[in-house]
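Okay, thanks for coming, everyone.

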Amino acid sequence: MTESYDAIIIGGGHNGLVCAAYLAKAGLKPLVLERRPVFGGAAVTEEIAPGFRASIFSYLMSILHPRIQADLELKRHGLQIMPCSDMLSPLDDGDYIVFSDNVQRTQESFARFNKKDAAIYAEFDRFLNENANVFRKLLWETPFDPTKRDWKTVKQMFGFAKRNRKYGDKFFRVYDMLTMSAYDFLSKWFEDDRIKAVLAYYASIGTFAGPKTPGSAYVIMHHVMGENAGAGGWGFIRGGQGAISASIAAAATEHGAKILTDSPVREVRVVDGRVRGVLTEDGREYQAPIVISNAHAKILYLNLVGERHLPADVVRDIKTYRSFSTAFKANLAVERPPQYSCLDRVLKDGALGNWTYPTYVHIAPDIDYLERAYDDAKHGWYSSAPFITPVVPTIVDDTLAPKGKHVVNLFGGHAPYELKNGDWATEKDKFRKTVLDTMDRFAPGFSSDIIGGQFLVAQDIENIVHLPQGHIFQGELSADQLFFKRPVPHHADYRTPIHGLYLCGASTHPGGGVSGINGYNAAREILADRGTKSNMGYAAS
């Protein structure tokens with residue numbers, strides 16, 4: 001029996017769920033088809049050892065936008081945001097740097113290394129926040145095609161210019177962030193390479209780049225645009241990242257959306273250039289005049305639609321879309337949190353304020369450390385001294401581990417998707433030891449406290465959640481893959497060359513991160529195409 005819906009969403013990741021929720025709020029009847037037994041995509045919480053649960057992929061909350069939280073009443077549906085401590089960066093000599101959303105606390109930490117850097121930090125913070133406000137507004141825009149001259153595109157360009165006219169004087173700031181390396185950008189402000197590394201670290205997260213790679217400055221901005229409490233806007237979700245997906249799903253189903261798990265889509269049905277519905281791998285057929293893919297654009301175009309239905313330039317551009325990942329993730333059940341060499345000194349100095357443990361840490365003591373980690377990957381091998389973000393959610397969340405035990409998430413790089421003259425089948429255990437040796441270097445004895453867990457490299461991430469090459473942002477956040485070139489030129493407005501077929505995942509603007517904005521923007525454009533009235537605008541409030 002064929003079932004019919006107003007819209008079908010392929011993939012139950014958070015963006016697909018957001019899109020479904022807004023469509024349902026507008027009166028449509030959407031169906032979400034999720035391939036895995038659990039919905040949420042990369043925002044899931046699953047068991048890693050008996051009695052221990054962890055955020056398997058995404059591990060901190062930052063840019064889930066307050067507007068989406070309010071529109072969908074996510075707190076009423078169980079979303080509970082919990083704070084994390086200021087970010088601690090341990091150094092090799094037992095010293096440390098603290099990075100806080102409290103400017104004075106950050107300045108005090110910087111002053112221990114360079115008084116000039118500390119003095120200018122307040123001005124830098126204002127500058128960064130002014131830039132962040134520009135980018136935050138751009139997140140909500142639908143990319144237009146600057147090569148077109150039809151009346152619709154002219155109206156889009158005029159609307160874009162009108163909404164963003166007051167930011168014209170900041171054009172060159174935006175240009176610098178998109179083209180400069182993180183190191184060069186930060187060197188315009190700071191002298192000490194240890195202090196530069198505190199911010200340059202963000203440029204390496206999930207990205208195949210080093211701090212001296214041109215264009216890496218923007219990735220700093222992408223990571224500090226969060227508007228929640230904590231350094232860079234970071235926080236934990238009670239129950240893990242899967243609770244984000246659960247709250248959005250609850251909102252969507254309350255408004256009439258239907259969500260099915262264990263329902264992998266085999267094919268998007270296209271007839272005469274129009275979408276007709278989908279076929280699942282077990283032979284079920286669902287019809288709808290609208291199909292929205294939360295799956296990666298490469299998977300949609302090349303696997304689910306097929307080249308025969310697409311223009312040659314789209315096929316060429318999507319095949320060359322860059323998603324080569326060097327990220328790894330470890331989710332560990334442990335006896336106790338990492339005991340950093342600097343911890344006693346940190347607590348004695350009162351550097352964490354009221355916190356008695358650093359729940360959020362960056363391991364990369366200086367710029368050279370970050371660049372060397374990239375150099376190893378650039379030449380086809382995993383880093384001999386990887387940068388690592390250890391977080392310990394169980395300091396504030398008692399739902400993830402047995403009493404007295406803890407969960408530690410390690411995220412870092414670089415570990416290339418493919419190894420030159422090597423294979424992950426034989427090298428994965430060796431790299432795992434390298435990661436744990438690095439942790440032991442800064443937190444002696446950590447590896448001996450591990451009870452169990454999982455260790456994931458890019459190939460594992462690809463296999464589990466179907467992110468091509470395991471890229472956490474579903475594609476590099478570089479100038480040639482942003483805004484009206486994401487995922488391909490001429491089709492960056494959440495629409496595709498096929499009538500009724502849309503994209504809403506992180507391979508669209510504004511890229512990856514658990515923001516929900518991709519799903520929001522896609523829903524707004526779908527409703528506009530239908531002529532359905534909604535209050536979904538282009539502003540962040």
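Let's start with the hairpin. Strand β11, residues 265-271, runs antiparallel to strand β12, residues 274-280, and six bridges join them. Helices here are DSSP runs of H or I with at least four residues, strands are E runs of at least two, and numbering goes from the N terminus; strands pair if DSSP finds at least two bridges between them. Val-268 has Val-278 in β12 as its bridge partner. Two residues sit between the strands, and Asp-272 takes a positive phi near 55 degrees.

Quick caveats: this is a predicted model, so local features need pLDDT of at least 70 and side-chain atom pairs 80 or more, while totals for chains, interfaces and linings use all residues. Residues count from 1 along each chain as its sequence is written, and side-chain values use heavy atoms, with hydrogens and water left out.

Now the open sheet: five strands, parallel pairing, order β10-β3-β2-β14-β19. β10 (258-260) and β19 (501-503) are the edges, each pairing on one side only. β14, residues 291-293, pairs with β19 over three bridges, and Ser-293 is the bridge partner of Leu-503 in β19.

What lies across β2, β14 and β19? That's helix α11, residues 297-305, at about 150 degrees to β19. Angles run from 0 to 180 degrees between N-to-C directions, with axes fitted to C-alpha atoms, for helices over the stretch in contact; contact means heavy atoms within 4.5 Å.

Last stop, Thr-106 in helix α3, residues 103-111. Leaving out residues up to four places away in sequence, Thr-106 touches Val-98, Phe-99, Ser-100 and Tyr-121.
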